[in-house]
Amino acid sequence: MKSYIFLLIFIFNFCNADKLNSLYIPSNTYPNYNQSTFEEYVNETKKWLKNNRTFLTNNHELELKLNTPFEKKPQQRNISKGILLVHGLGDSSGYFDDLSKELVKSGFLVRTILLIGHGSKPADLLNVEFETWEKQVLHHIKLLQEEVDELWLGGFSTGTNLITSYALENQNEISGLLLFSPGFASNQERILPFSGIGRYFKTWLFQDKNSKNILRYQSLSLNASYLYYQSLKDVVSKLENKKFSKPVFITISQDDSVIKSNDIVSIFSNNFIHPKSRLLWFGNDVKTKDDRIISLNSYLPNQRIANFSHLSVLFNENNFFYGKESYYRMFRNGQEKEFNPLVDVLWYSAWGLKEEGKYFARLTWNPYFDETINLMNEVINTK
């Protein structure tokens, strides 16, 4: 019954698009993704973004750089291993800036893609079909596969669903997986199916016309929500009857507001069976008999950190945009009032935490970034 009520809210109460704001006017085209070389793909995507992105700041070059797919190579001539990284819903290739630097140090040829509908404006997700994402990921897996002997796949959130679905069906081709805040178990799985119906009645779940977040969309359409739901259905259906036998590294926050973190623990223990796989849990000691799971305390009062968010696992505290000392802060974090530096004590957390006497902004960096990378490298170097 509650789900039907929520659907009625979808239909009658959610906001209409601002038809005068270019953020909510779809581009006339989508960029190609099936070029014969990755270099062509990067160049053509950047050109398309330059012509179609709604820029949020005066620094257009920076925004283009952060949203354009990229390749990074290690210094050695003979590169034997490569990894394709796939971002989450509403995010960008720039989410992998810190991670890619560490992977290059470990000898990887690193490539990121920009899922169709991303990097330009939220309206460009209005008409995307899930099959397009599947084809795009497949194309770039095959491109990279031609150049390396050891192929890894990595992703964040929705991106993990796409790559894990492929890996479960093609285990002989894949050497391992790196999964950050995997989207296998949603907190909204009872509601998500209605986004497929709701998108025919209303366009937007929410809009933020004043966002200055140059790394991701702050507006979400019902079609975008439905795309995530399709990725969730796809990977869950395969996890029901398949196990993955290659090394896997997973990070998840106990207090993730997007994902059912305890379900991720169960999936890890049941489906990712390699003895050297590891799950890094940010939170209280997790109740499990699986000794491959490592816990790190997410309550760090000396840093005014109450717990870890969905996105924080990916970013170094020195990240120029999401880092500890950066100018950008994600204050819209489920609290009704605006932050007042004169009276509010600023803390950091996952979305939605509220406590008397504290104002919680989103935690956007990982205080255990070095520990995360060290454990990831142990998994990567498994023989």
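1. Is R292 buried or exposed? R292 is buried, with a relative accessible area of 8%, where buried means under 20% relative accessible area, exposed over 50% and partly exposed in between, computed with a 1.4 Å probe on protein chains only. Its side chain meets that of D290 in a salt bridge of 2.9 Å, N to O, a salt bridge being a side-chain nitrogen of Lys or Arg within 4 Å of a carboxyl oxygen of Asp or Glu. D290 counts as buried too, at 13% relative accessibility.

2. On the basis of the model: this is a predicted model, in which local features need pLDDT of at least 70 and side-chain atom pairs count only at pLDDT 80 or more, while totals for chains, interfaces and linings use all residues. Residues are numbered from 1 along each chain as its sequence is written, and side-chain values use heavy atoms, with hydrogens and water left out. The protein chain averages a pLDDT of 93, and 95% of the residues score at least 70; pLDDT is the predictor's confidence in each residue, from 0 to 100. Over residues 1-17 the pLDDT stays under 50, and for this stretch the model has 28 contacts beyond four places in sequence, a contact meaning heavy atoms within 4.5 Å.

3. On the other salt bridges: the structure holds 16 salt bridges. One of them joins the side chains of R111 and E147 at 2.7 Å, N to O. This pair links distant parts of the chain, 36 residues apart, with R111 in strand β3 (residues 108-112) and E147 in the loop between α5 (130-145) and β4 (150-156); helices (H or I, at least four residues) and strands (E, at least two) are DSSP runs, numbered from the N terminus. R111 is buried, with a relative accessible area of 3%, whereas E147 counts as partly exposed at 44%.

4. A further salt bridge is formed by the side chains of K354 and E336, at 2.8 Å, N to O. K354 lies in the loop between β11 and β12 (359-362) and E336 in the loop between β10 and β11, so the pair ties together parts that are 18 residues apart in sequence. K354 counts as partly exposed at 44% relative accessibility, and E336 is exposed, with a relative accessible area of 70%. Elsewhere, salt bridges that share partners join E71, K73, R111 and E147 into one network.

5. D98 is itself among the buried residues of helix α4 (residues 97-105), together with L99, S100, E102, L103 and V104. These buried residues pack against β1 (71-72), β2 (81-86), β3, β5 (176-180) and α10 (369-380), and just after α4, G107 takes a positive phi of about 90 degrees.

6. On N297: this residue lies in the loop between β10 and β11 and counts as partly exposed, at 39% relative accessibility. Leaving aside neighbours within four places in sequence, N297 is in contact with G283 and Y368, and its side chain reaches the backbone nitrogen of Y299 at 3.1 Å.

7. On open space: the largest pocket has a volume of about 1,600 Å³ and is lined by 50 residues, of which F206, R216, L220, V258 and W351 lie nearest its centre. The elements that give two or more residues to this lining are α1 (2-13), β6 (204-206), β7 (220-221), α8 (222-239) and β12. A pocket is, on a 1 Å grid over the protein atoms alone, an open set of points with protein on both sides within 12 Å along at least five of seven lines, and lining residues have an atom within 4 Å of a point.

8. The largest cavity has a volume of about 140 Å³, and of the 20 residues that line it, the closest to its centre are L56, N213, R216, Y217 and Q218. For these volumes, grid points are joined across faces, edges and corners, and a volume is the space filled by probe spheres set on the points.

Technical notes. 1 Å grid on protein atoms, 1.4 Å probe; cavity = no way out; pocket = protein on both sides within 12 Å on 5 of 7 lines; lining within 4 Å. Polar contact = N/O pair within 3.5 Å; in protein donor to acceptor, adjacent residues only side chain to side chain.
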